[in-house]
Amino acid sequence: MSDCKFFVPGPTWVRPELLEEMTRPMIGHRSAEFKRLFRAIANDLKVLFATTQDTFVATCSGTGLMQASLVNCVPRRVLVTSCGAFSERFAGIAESMGLEVDRLTTPWGTAVDPDALEDHLSGRRAHYDAVTLTHNETSTGVTNDIAALAKVVRENSSDTLVIVDAVSSLGGIPVKFDEWGLDVCFASVQKGIALPPGITVFAVSQRALDRAAKLPYRGTYFDFLRYKKDADGDSVPTTPSIPHFYALAAQLDAILRRETLEARFERHITMRDLTLRRTSTFAKLAADPDYASPTVSALAPVKDPELVRSEMKNRGYTLGGGYGEWKATTFRIGHMGDIPLDALEEMLDELNEVARA
Ligand code: PLP
């Protein structure tokens, strides 16, 4: 029986063993011990991202990598596919950097349509330095078809890079960096990877490294070429969050060799289906069911969502609030990471008592 009563769509519940890993004594980040830790993590990340290209870890949250991917890949123009609060965040960051930003906007709750992307890009061959895609839009609980969307971009121009936010998908939904032809893909670790927040893992293609090499001003902290140079010597550019490295190494080992990726992805589908089945009498899924996310569900209950959340809180359970445009009408259940199925079932039993009209 676990102590898991925390169902926010990130940060998510963390196994006590992983919290324990974070209390190990410090080592120097230039030591041989750290290099071994770094190498083990980099190798396992390649499996998680399904890539033979470079993988890195940055000490920042996911938003840091949203900015970093623009800094390293976009000298001028970017197309942002916007389908909710987090995909839209890319546009705000790009604008704050003085970039030219176009949006392909999709209504909240629906997925980005590959045909609409194709229509937008046709007649604009090689117009954009990059297109941003959000694998799993956490505000709406929609999973986009990145394979299809990335294919549209790749077929439009080899000069347009594909940047993918996998913050709430990696570790819960398959990501195939090489097969899908991605250039940058990143995820902070407090969601599908189920660690405390504080670091972000990312994969970068050779194409993206070549692009970065052509840009004269990449800043310092987020310079991909510094990451690459140091990673080639099993190191990192600046002092990392070493406790997170310990926990990440242990968690990647558990994901890949104890649970296995296939079983983990299957468990996430089971968690989503269970959540939708057990809430259907008192709440409507706010997203298009064909794209319902395996990691988070935004639900519009018959009762006031804040009342539902506060009554659940009184019973010891934390659920996520509605986000942005959907704040007043929905609440969200994070069913991601290491949440045990029996803990989810117990929470849903209580929710049934609380949320029925
Ligand atoms: N992208 C998505 C899809 C997210 O869900 C979030 C956070 O919830 C972010 C980006 C921002 O990540 P962070 O909070 O780690 O900066």
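A residue is termed buried when its relative accessible area is under 20%, exposed over 50% and partly exposed in between (1.4 Å probe, protein chains only). The model is predicted, with local features requiring pLDDT of at least 70 and side-chain atom pairs counting only at pLDDT 80 or more, while totals for chains, interfaces and linings use all residues. Residues are numbered from 1 along each chain as its sequence is written, and side-chain values use heavy atoms, with hydrogens and water left out.

**Cysteines.** Select Cys185, which is buried at 0% relative accessibility. The closest cysteine sulfur to that of Cys185 belongs to Cys73 and lies 12 Å away, too far for a bond. Next select Cys60, also buried, at 13%; its sulfur is 14 Å from that of Cys185, the closest one. Zero disulfides (cysteine sulfur pairs within 2.5 Å) are found in the whole structure.

Proceed to the open sheet of five strands, ordered 1-13-14-12-11 with mixed pairing; strands (DSSP E runs of at least two residues, numbered from the N terminus) pair if DSSP finds at least two bridges between them. Its edges are strand 1 (6-7) and strand 11 (283-285), each pairing on one side only. Strand 13 (residues 318-321) and strand 14 (residues 331-334) are antiparallel, joined over two bridges. Select Gly320 to find its bridge partner, Arg332 of strand 14.

**Helix on the sheet.** Finally, select residues 261-279, helix 10 (helices are DSSP H or I runs of at least four residues). Helix 10 packs on the sheet and touches strand 11, strand 12 (296-301) and strand 14, where contact means heavy atoms within 4.5 Å.

Technical notes
Axes are lines fitted to C-alpha atoms, for helices over the stretch in contact, and angles run from 0 to 180 degrees between N-to-C directions.
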